[in-house]
Amino acid sequence: MLPTEIPQLNDYSASSVEAFFTQLKTTFDTEAQSANTAEKVEALRVKWIGRKQGLLNHISGLLKKAPAETRRDVGMQFNTFKKYVDLVCDIDARKKLWDADLAEIGIVIERPKVRSIDITLPGSVRAPGIPHPLLKTMNEIVAVFHNLGYSTALGPQVESDFYNFEALNFPPNHPARDTQDTLVLADQQAKPSRDRLLMRTHTSPVQVRSMIAQAPPIRIVVPGKVHRNDAADATHSPVFHQVEGLCVDTDITFSDLKGTLDHAMKALFGSSVKTRFFPSFFPFTEPSADVQISCIFCAGKGCRKCKQSGWIELLGCGMVDPAVFASVTEARRKLDPADDAYNPAKITGFAFGMGVERIAMIQHGISEIGHFFSGDMRFLEQFA
Ligand SMILES: [Zn+2]
């Protein structure tokens, strides 16, 4: 006795076989419609194509009795039907196939629901990652200089005394070193002073590294992390970030420096921002200047943020000191004794540097530098 799902097959004529499969498919489709969970689909699969008692086994046995001249045709119809049942019962395949794909192999199905969706449930929200606010500000500053034709240069955070101080015209024991409270690596006493390692206190060593590696013209912008042994307070952190710039070429003058920084500040803070320069001192630039911008909160009228002065101090800059070019030349002559690329009689340059935290704090009205490093999502999410 055949299972009741299998229709009567009177003979193996083409019309009988076709009617047989049409009826079989109707029966199967009806069952497939109600297989609306993964478990029910699995039960359907076992019932129809299970290895031992699957209905298709019975059908295959039945069709084997077909006379030789019709066997090929009957076999093809059987295979098409089997393929169809395979597909409908294969949850993974069903997920991958579209109705169009199925139609291509001659199958049109009313797709059974594999799982039902409760549309009243709240969706699962995946928060997209965003750049850290400091990184965002740093990228903005770097982009301004990229647009002026500068390229990015990077350097190590563990630096030698030579690159961090000596080559930048901070001689050993010079009091200017005291302005940058330095974290030094332990057990360095056996080395000559210039080879001792420390955590870089500014991004300026990358100026020296870049000039040693490359002859003028140079236009680089140097973003990076720096370290000083500063006690943490509202505006100081032992780890902070700088963006530094260096331009060396023939006939670079102080007005190039002023024009470049004035443009950069307008690009960062808006075209109505004014800049002004005050004499200052840095060992590696001569003359040196501090740059102030007109207060972006009160447009120069005077407010609490600018301490009623109308101006905010933002960066340091100056013309590269010939002593720095001398250090670079000394290092380059170890490779080529005739090197004269950084002869101060032929070339000049300017350099500038700014604190990324300070600029980001001004941009976003942040009063505590510690927020940047706390990892507090309530703070960070405001920048999403
Ligand atoms: Zn102000």
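These are my notebook entries on what I looked up in this structure, which is a predicted model.

**Entry 1: the sheet**

I began with the strands, and I found that 7 of them form an open sheet in the order S1-S4-S5-S9-S8-S7-S6, with mixed pairing. S1 and S6 stand at the edges with a single partner strand each, so one side of each is left without a neighbour in the sheet.

Strand S4, residues 218-227, pairs with S5 in the antiparallel sense over 10 bridges.

Asp-249 has Thr-348 of S9 as its bridge partner, while Gln-242 stands opposite Gly-355 in S9.

How many residues of S4 and of S5 are buried? In S5 the count is 9 of 11 residues, and in S4 it is 8 of 10, and I therefore wrote down both strands as mostly covered, with buried meaning under 20% relative accessible area.

I picked out Met-319, which has its place in strand S8. Met-319 is buried, because its relative accessible area of 10% lies under the 20% limit.

**Entry 2: the largest pocket**

Next I turned to the largest pocket, which holds about 1500 Å³ of space. Among the 49 residues that line this pocket, the closest to its centre are Thr-235, Glu-313, Leu-314, Gly-355 and Arg-358. I noticed that Gly-355 had already come up in my first entry, as the residue in S9 opposite Gln-242.

Which elements give two or more residues to the lining? They are the strands S5 (239-249), S6 (275-282), S7 (285-294), S8 (311-320) and S9 (348-355), together with helix H12 (356-364). S8 gives the most, with 7 residues. When I sorted the lining by residue type, it divided into 21 nonpolar, 17 polar and 11 charged residues.

**Entry 3: aromatic rings**

I counted 18 aromatic pairs in the model. In one of them, Phe-20 and Phe-21 lie 5.3 Å apart from centre to centre with 80° between the planes, which is an edge-to-face arrangement. Both Phe-20 and Phe-21 are buried. Phe-372 and Phe-379 have ring centres 5.9 Å apart and planes at 80°, so this pair is edge-to-face as well, the angle being over 60 degrees. Phe-372 is buried at a relative accessible area of 3%, and Phe-379 counts as buried at 9%.

I also traced a cluster in which ring pairs link Phe-20, Phe-21, Phe-28, Trp-48, Phe-81 and Tyr-84.

The charged end of Arg-209 sits over the ring of Tyr-163, 4.0 Å from its centre, and the charged end of Lys-305 sits over the ring of Phe-297, 4.2 Å from its centre.

**Entry 4: backbone angles**

Last, I went through the backbone with a general rule in mind: most residues other than glycine have a negative phi, and most peptide bonds are trans.

Where do cis peptide bonds occur? One runs from Pro-216 to Pro-217, with omega near 0°, and Pro-217 is in the loop between helix H9 (205-213) and S4. Another joins Glu-286 and Pro-287, with omega about -5°, and here Pro-287 is found in strand S7.

For positive phi I noted Asn-173, with a value near 65°, and Asp-187, with a value near 60°. Asn-173 is found in the loop between helix H8 (161-164) and strand S3 (197-199), and Asp-187 has its place in the loop between H8 and S3 too. Are these two residues buried or exposed? Asn-173 is exposed, with a relative accessible area of 76%, and Asp-187 is exposed, with 71%.

Notes: Residues numbered from 1 in each chain as written. Predicted model: local features only at pLDDT ≥ 70, side-chain atom pairs only at ≥ 80, totals over all residues. Heavy atoms only, no water. 1 Å grid on protein atoms, 1.4 Å probe; cavity = no way out; pocket = protein on both sides within 12 Å on 5 of 7 lines; lining within 4 Å. Points joined across faces, edges and corners; volume = space filled by probe spheres on them. Helix = DSSP H or I, 4+ residues; strand = E, 2+ residues; numbered from the N terminus. Nonpolar A, V, L, I, M, F, W, Y, C, P; charged D, E, K, R; others polar. Phe/Tyr/Trp six-rings, centres within 6.5 Å; stacked < 30°, edge-to-face > 60°. Buried < 20%, exposed > 50% of the residue type's maximum accessible area, 1.4 Å probe, protein only. Lys NZ or Arg CZ within 6 Å of the ring centre and 35° of its normal. Pairing = 2+ DSSP bridges.
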